[in-house]
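Subject: Structure handover

Hello,

Here is the structure for you to look through. Please open it first, then read my notes below.

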Number of protein chains: 2
Amino acid sequence: MSRDALWLDAQQQLHWRRFLSGSWAVLTALERDLEETTGLSMSEYEVLVRLSEAEGRSLRMSQLADQVVASRSRLTHTVQRMEQAGLVARRTSSCDRRGVDCVLTEAGFSRLADAAPHHVASVRARLVDVLSPADFARLGEIFTTLGAALEDREPVS
Amino acid sequence: MSRDALWLDAQQQLHWRRFLSGSWAVLTALERDLEETTGLSMSEYEVLVRLSEAEGRSLRMSQLADQVVASRSRLTHTVQRMEQAGLVARRTSSCDRRGVDCVLTEAGFSRLADAAPHHVASVRARLVDVLSPADFARLGEIFTTLGAALEDREPVS
DNA sequence: ATTCAATAGTTGAAGCGTGGACTAATAACT
DNA sequence: AGTTATTAGTCCACGCTTCAACTATTGAAT
């Protein structure tokens with residue numbers, strides 16, 4: 001706990017603001033890069049990636065929603081659009097008739113294959129290659145810590 | 001530049017994904033905290049803060065848009081809503097009749113005064129107090145670097 | 001067995017953000 | 001002075017996200 005629990009000092013405020021605007025800028029740039037080079041949004045790209053990594057290139061909607069960071073409803077809409085574009089297909093799960101399996105189509109897979117190099121280049125250019133390896137690793141650890149801390153703290157004040 | 005310029009290795013991919021989901025989680029939690037405790041969105045809160053720090057508690061729309069991370073159009077909408085809520089007022093700038101000055105009202109100022117402690121507590125709980133001072137400082141520096149790198153790199157591939 | 005609760009996923013309306021077209025005012029050029 | 005370019009800001013249409021119902025299926029409890 002810091003010296004004064006109620007306010008942020010000038011330094012802390014600066015760090016916080018830089019995180020806020022910096023992360024916004026990076027994420028926005030990546031989103032724009034992806035859109036321009038491939039016509040996909042980050043959410044769509046993430047869906048393709050997760051499905052391609054899943055066995056049978058298929059995942060239940062709820063698992064997909066957890067992996068991609070998205071609400072159920074948001075995923076439904078996203079997948080709906082992707083289905084119309086022919087990138088994925090939906091079929092009711094055999095074992096649990098409430099469930100829906102989302103399956104990557106051939107078209108979806110090759111779309112991902114085309115997109116991936118552009119996206120990787122973008123992530124490198126905007127993030128990985130900008131930082132020293134040590135700083136990049138630190139970044140990963142910091143956000144692991146931050147993410148974990150959120151798990152077991154709901155209420156604030 | 002890393003060993004292989006085209007792909008991310010497993011470690012890099014892990015760091016990158018943790019940044020993606022971690023920053024999303026932190027930002028979302030802060031947004032939700034603020035909404036619940038004060039009824040304000042981050043954008044609105046940021047507008048209040050910047051205006052309160054400006055001399056005359058007043059800023060031109062474009063300056064405000066630069067400080068808050070937002071497009072012109074987005075700021076117009078946000079300020080429109082805030083004006084209807086009585087938090088700010090708009091008047092055409094005296095020196096440049098194209099310009100519009102956005103002014104913080106008394107109601108807006110006291111709304112900010114009420115909100116600030118809750119928001120500070122939230123930022124501490126979700127971010128500042130979760131990290132060691134060294135890591136928090138590192139975070140600030142890392143995003144300064146990342147932000148700066150974006151300034152002078154537009155095209156990607 | 002029947003009721004009650006929990007889970008999976010969808011739907012539709014409303015809100016917010018984006019990008020491009022648009023108006024108005026100022027600055028720059030000849 | 002008169003034309004053109006730039007800048008400030010708004011407006012509108014569209015798309016994505018959220019939130020609160022809603023349906024359907026499964027599991028638990030009596």
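First, some ground rules. This is a predicted model, in which local features need pLDDT of at least 70, side-chain atom pairs count only at pLDDT 80 or more, and totals for chains, interfaces and linings use all residues. Residues are numbered from 1 along each chain as its sequence is written, while chains are lettered from A and ligands numbered from 1 in the order in which they are written.

The sheets

Helices (H or I, at least four residues) and strands (E, at least two) are DSSP runs, numbered from the N terminus. Two strands pair if DSSP finds at least two bridges between them. In chain B, strand 1 (residues 58–60) runs antiparallel to strand 3 (residues 100–104), with 3 bridges. Strand 2 (residues 88–92) of chain B also pairs with strand 3 of chain B in the antiparallel sense, over 5 bridges. There, B:Thr92 faces B:Val100.

Now chain A. Its 3 strands form an open, antiparallel sheet in the order 1-3-2. Strand 1 (58–60) and strand 2 (88–92) of chain A are at the edges with a single partner strand each, so one side of each has no neighbour in the sheet. In strand 3 of chain A, A:Leu104 stands opposite A:Val88.

The two chains

Two residues are in contact if their C-beta atoms, placed from the backbone, lie within 7 Å. The contact takes 51 residues from chain A and 50 residues from chain B. On the chain B side, helix 1 gives the most, with 15 residues. That side has 30 nonpolar, 13 polar and 7 charged residues. Ala, Val, Leu, Ile, Met, Phe, Trp, Tyr, Cys and Pro count as nonpolar, Asp, Glu, Lys and Arg as charged, and the others, Gly among them, as polar.

The DNA

A residue is near a strand if its C-beta atom, placed from the backbone, lies within 6 Å of it. Around DNA strand C there are 21 residues, and A:Met61 and B:Arg97 are among those that come nearest. Helix 4 of chain B supplies the largest share of this surface, 5 residues.

Best wishes
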